[in-house]
Amino acid sequence: MMRLVIAPLNYSSWSVRAWLALDHAGADFKTHEIALFVDPDWREKVLRFSGAGRVPILIDAHLSIHEALAICEYAAERFPAAKPWPDDPSLRARARAVSTEMSTGFMNVRNEMPMNYRARATRFSPRDETSREIERVLDIWNASLSTSPGPYLFGDFSIADCMYVPVLSRFRTYGVPVQGQVAAWEARIWEQPSVAKWTLLAEKSVAIPKYDVLL
């Protein structure tokens, strides 16, 4: 059985992405949660699994994989029947492009809008740089949905959806409105089986006070 080393799923967007990809693929795995910033030995515990010192980390026998998108790709290769990427080459290329953009970009959204699924901000006004990144995310979603065969970003639920679910969660937490086809996609996302399972786990995960006080 594979083991996925994660931070609490209420806060760790990268852990969520890897978890969703593995669960949707039907992988047989168990989670090993490390309470970042709460457990006094959390850094040492993460380093026992990967010298990168960051979660998520997938352990499969003697193989250790860090970085969420790499774990998602591994799930796609191990479980191709789940079709984690679109069959259509053009859709697949675009799905990979926007997934990579999520993996490497949007630093202002990440820093100014830390993920906290079960919380709601009482006051939030994004800086100009963050607003521009929010607009870019909305552009990606609208462009993807406009040419998608449905019902998700590129047809069936895919790694691209896994990569952007935590951003959708952030938008809800911080009161960023979505409209039209994006709002319809959001409604479908929360009902998607793997996403629904994650949200239940997030509701029960350990609290990290340093993030909760921000809201």
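The model is a predicted one. It has 10 helices and four strands, and 52% of its 215 residues count as buried.

**Fold and dimensions**

- The order of elements along the sequence is β-α-β-α-β-β-α-α-α-α-α-α-α-α.
- The radius of gyration of the protein is 17 Å, which agrees with the value near 17 Å for a compact globule of 215 residues.
- Along the principal axes, the C-alpha atoms occupy a box of roughly 45 × 45 × 25 Å.

**Contacts and surface**

- Among contacts in the protein with a separation of 6 or more, 71% are between residues 24 or more positions apart.
- The protein has an accessible surface of about 10100 Å².
- Carbon and sulfur atoms contribute 52% of that accessible surface.

**Arg172**

- Arg172 sits in helix H7, which covers residues 159-173.
- The relative accessibility of Arg172 is 28%; this lies between the cut-offs of 20% and 50%, so Arg172 counts as partly exposed.
- Beyond its neighbours within four places in sequence, Arg172 contacts Tyr117, Arg120, Glu186 and Trp190.
- With one of these residues, Tyr117, the side chain of Arg172 makes a polar contact of 3.0 Å.
- Arg17 is 155 residues from Arg172 along the chain, and the C-alpha atoms of the two are separated by 17 Å.

**Ser194**

- Ser194 belongs to helix H9, made up of residues 193-204.
- Ser194 has a relative accessible area of 4%; the limit for a buried residue is under 20%, and therefore Ser194 counts as buried.
- Leaving out residues up to four places away in sequence, Ser194 touches Trp19, Leu20, Asp23 and His24.

**The two residues side by side**

Note on methods. Residues are numbered from 1 along each chain as its sequence is written. This is a predicted model: local features need pLDDT of at least 70, side-chain atom pairs count only at pLDDT 80 or more; totals for chains, interfaces and linings use all residues. Side-chain values use heavy atoms; hydrogens and water are left out. Helices (H or I, at least four residues) and strands (E, at least two) are DSSP runs, numbered from the N terminus. The radius of gyration is taken over C-alpha atoms; the globule rule is 2.2 Å times the number of residues to the power 0.38. Buried means under 20% relative accessible area, exposed over 50%, partly exposed in between (1.4 Å probe, protein chains only). Contact means heavy atoms within 4.5 Å. Accessible areas come from the Shrake-Rupley method with a 1.4 Å probe; for residues, only the protein chains shown count as cover. A polar contact is a pair of N or O atoms within 3.5 Å; within protein, one must be able to donate a hydrogen and the other to accept it, and residues adjacent in sequence count only if both atoms are side-chain atoms.
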